[in-house]
Amino acid sequence: MSSPTDSSAEAAPRHDAMREQLLSDVSACLGSALLQSHINVGNDLCVRVATDTWATSAAALKTSLGFDYFCFLSAIDWLPSPFGKGEEDPTAEPVERDTEIKQGLAGGETRLQVFARIVNHRTHVGITMKADVPDATPVVPSWVSVFTGANWHEREAHEMFGISFAGHPDLRNMYLPTDFEGHPLRKDFPLLARMVKPWPGIVDVEPLPGGGDEDDAEGSAE
Amino acid sequence: MTIIGDRQQLAYIASQAADARVNVELETEGMTLNIGPQHPATHGTLRIIARLDGEQVLWAEPSCGYMHRGYEKLTEVRTFPQVTALVNRIDWLGSFANEVPFILAAEQLMEIEAPPRAQWIRTILFELSRIANVSLFLGDLGVQLGAITPVFFAFRDREYVLNLIEGATGGRFHPNFDRIGGLKDDLPAGWVDETRAVMKKMRKFCDEIENLLFGNEIFESRTRGIGVIPRDVALQYGMSGANLRASGVDWDLRRDQSLPMAWDKVDWKVWTHLDGDSYARCWIRLQETRESTYIVERLLDTLPSGPVMTKVPRIIKVPEGEAWVSTENPLGEMGYYVVSKGDLGPFRVKIRSASFNNISIVPWLLKGVYVPDIITILASLYFILGDIDR
């Protein structure tokens, strides 16, 4: 990965020949399973595969392109949080918030997405894989048969996002008590501490009284 | 599996065959052994449930979550600069190293880069965190085997490094010193000379530990050929750091990716070991600690002058996008997948911590080992509870 601010960046649109080559290899390997892709120049290649090929695509990339190092697997809830950042006074009228679901790199159609990262340990190049999780039945194929290490990561994603992994041997809770209700990392799960009291630290990002002075700019990261 | 030597291959086969052998030679009664969550050998609140047959483990399963603090959820209600205060506490022994990949990810999204001097100081503090962290591992290793002395040496000498970190950042354990665009402050006067002196002391500490433990017969017999992880298994489980290099995979994120850090500006060596056993993991960490002291010294030699902070807006809004940055932390690969929607705070942060993957191998690894080896294998895998549960 090269640094994000190459000095040549301003002059021409940036190219990442290595990842473009990688993308053509990946698309040749996956065929129609590959739905969309995005190259984060100098940093990452992100591919979105069809949900039912989630596990078979990983297996294909592992065997034919040598992506044999399993880095992580998790999920994203793209729903904008109905609670904001909890900075408002909880007794005030609730504010109107954006509810449009907008997916990130490599697109998508569903609210929940699983994403994972695998790396070729010889070339040290990794790719981020994403797949949509159907809204009605949040089930995706399990990676355990491809990467044994996905076991715990899928258990974590299961309890935090309520996604099931078909073929996972044992989807017990990893952190939470067995009788815990709800999926904490979903955006519609309220963070209770913020519901009762606004976050005092939010004061930090408000401009100081008297206006900002120039030579104090370093303090902005406080 | 082609890489590991004969002795390791035999040990690996023997441990796999151990299951099959149970209940054949001796009639023994099965029992369930609960280790932890409060147990001196678990470095915190890791609980291990092991089903035994006599002295042999049939099945073992770590039970996590006694220290789950929900950082991934909390980051969603913090601003970007506030997140470093949280992630500091993931791996609390090497806390500065936790801040770096997150800050780098935010900088990547904002398309800014810290000035050279800040990159150098970041790298130096990163390596000091590693030395402080791993020196405690080296001392603790002895305790797990009944040798008390090394841990006193470790606590004594780690204090020098913590003093340096405190001198530069103001915090012994939770510096919260890294900023988007640079560092909070420059180094104090006299710090560079002090650091050089401490690095010499730390090398002496490494020699002492090497003399005390690594030639010791008890230590060798308790770790050689025990807990062997072949390289293909290590890769599948996403083992990283010294655990992966001890299985013969030559991969160090400090060397093998280019980040705006100073590791590629100096000359140093990546240590690997082919055995994949507990001994190899401990040995790699010893060598890496020593190597880190050289990295720090060489970086101090080439420390550039200039500002430590680039110009950033007073209120930091990170542009929309996704970034993945991981670094070679004391425990292994620590990465953050940061999703920003152009707000003051991140939309989602996936924290990929090293210990979570490193410990997920435990059910596989403990199968067939003897009860006393549980402790040495866990010690050699080296985890920090906060790094598992986050």
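In which loop of chain B is Glu111(B) found? Glu111(B) sits in the loop between α4 (95-110) and α5 of chain B; helices (H or I, at least four residues) and strands (E, at least two) are DSSP runs numbered from the N terminus. The model is predicted: local features need pLDDT of at least 70, side-chain atom pairs count only at pLDDT 80 or more, and totals for chains, interfaces and linings use all residues. Residues are numbered from 1 along each chain as its sequence is written, with chains lettered from A and ligands numbered from 1 in the order in which they are written.

**View 1. Glu111(B), a non-glycine residue with positive phi.** Its phi is about 55°. Glu111(B) is exposed, with 11 other C-beta atoms within 10 Å (buried: 20 or more other C-beta atoms within 10 Å; exposed: 12 or fewer; partly exposed: in between; C-beta atoms are placed from the backbone).

**View 2. Arg390(B), in the segment after α16 (385-389) of chain B.** Arg390(B) is not a glycine, yet has a positive phi of about 55°. Arg390(B) is buried, with 25 other C-beta atoms within 10 Å.

**View 3. The largest nonpolar core, 165 residues.** Such a core is a set of buried Ala, Val, Leu, Ile, Met, Phe, Trp, Tyr and Cys residues joined through C-beta atoms within 7 Å. Val114(A), Ile118(A) and Ala106(B) have the most contacts inside it. Helix α5 (residues 116-144) of chain B gives the most to this core, 14 residues.

**View 4. Contacts of Ala106(B).** Neighbours within four places in sequence aside, Ala106(B) is in contact (C-beta atoms, placed from the backbone, within 7 Å) with Phe80(B), Ile180(B), Val318(B) and Val338(B).

Notes
Contact = placed C-beta atoms within 7 Å.
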